[in-house]
Amino acid sequence: MLSCFEATLLLSQRQDRPLKLNEKAQLTLHLSMCSKCRNFSQQMRLLSGLAKQYRNQDNPSQEDEQQ
Amino acid sequence: MSLNTSHSPQFLAKLRQQMLGFAILQLGCTASAEDAVQEAMLSAHVHAASFKGQSAYKTWVFAILKHKMIDQMRSKQRHPQSSVNVDATEFEPEQLFDGSGHWTAAHAPMRWPNPEGELENEDFWQIFELCLTHLPAQHARVFMMREMLELESIEICAELGLSVSNLNVLMYRARLRLRECLESKWLKQEDCAC
């Protein structure tokens, strides 16, 4: 059984590489029982999306050019 | 490949001035500061076209500048451990977890209420920028390379001379810290050391 520390390591790496089958299985099991890590899991995905929005926002000269 | 940077000469000149002010203050030497700023701007320019937003580009250039300055300070110092270390405030993930690897009560991730709705909010983006700016330079740099430039891990490792496991650790710490900072400052509206 993964600890939260181990689960969060995998949840970070999931953003950077495909997890192996056994890693996915262990993670799914942990997440099914741990709401804190479920929150963390959603937030890792959200951070990635926020980073892209931040990258693209707030440039007046480009807003006009892009449809 | 043409390098079509979206940033105006005026913006870049102003940015250069801000960086120079910051670097002179930190390094106490105009010549070294100019070198560091020059190197940082050249290095940042390689990926300039990927950053549409001016704030994001500024954050990126400053992360590189801080990194160049740490290199300079270290190379001047015979004893690196006594040099000014911008990364010294870094928290270790161990503080977040107890002895058996479970979240400690103070740091357990909360449920974030409908984040999508908050994103129109200018305050949120200010906090996001603040949290990103406060990451240690190396963390901010790898986070931005991965999540904004969308480079693959092996490309980042090649560009920065890191091993994959080093990169995994840096990305992990960057994400933990950014998450913690957003939760403290945005949801709990309190100050944090992050």
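Modeller: From the N terminus on, chain A runs α-α-α-α. Its secondary structure comes to four helices and zero strands. Helices (H or I, at least four residues) and strands (E, at least two) are DSSP runs, numbered from the N terminus.

Colleague: What should I know about the model and the numbering?

Modeller: This is a predicted model: local features need pLDDT of at least 70, side-chain atom pairs count only at pLDDT 80 or more, and totals for chains, interfaces and linings use all residues. Residues are numbered from 1 along each chain as its sequence is written, chains are lettered from A and ligands numbered from 1 in the order in which they are written, and side-chain values use heavy atoms, leaving out hydrogens and water.

Colleague: How much of chain A is buried?

Modeller: Buried residues make up 49% of the 67 residues in chain A. Buried means under 20% relative accessible area, exposed over 50%, partly exposed in between (1.4 Å probe, protein chains only).

Colleague: New topic. Where is B:His47?

Modeller: B:His47 is in the loop between α2 (30-45) and α3 (54-76) of chain B. B:His47 is buried, with a relative accessible area of 12%.

Colleague: Which residues does B:His47 touch?

Modeller: Not counting residues up to four places away in sequence, B:His47 touches B:Trp60, B:Leu149, B:Leu151 and B:Glu159. Contact means heavy atoms within 4.5 Å.

Colleague: And the interface? How many residues does the contact take from each chain?

Modeller: The contact takes 44 residues from chain B and 31 residues from chain A. About 3,500 Å² is buried between the two chains, and carbon and sulfur atoms give 58% of that. Buried area is the accessible area (1.4 Å probe) that two parts lose on being put together, summed over both.

Colleague: How many salt bridges are there between chain B and chain A?

Modeller: Four. In one salt bridge, the side chains of B:Glu150 and A:Arg55 meet (2.9 Å, N to O). The rule asks for a side-chain nitrogen of Lys or Arg within 4 Å of a carboxyl oxygen of Asp or Glu.

Colleague: Which helices of chain B supply that side?

Modeller: α3, α4 (115-118), α5 (122-133), α6 (137-147) and α8 (164-187) of chain B each supply at least two residues of the side that touches chain A. α8(B) gives the most, with nine residues.
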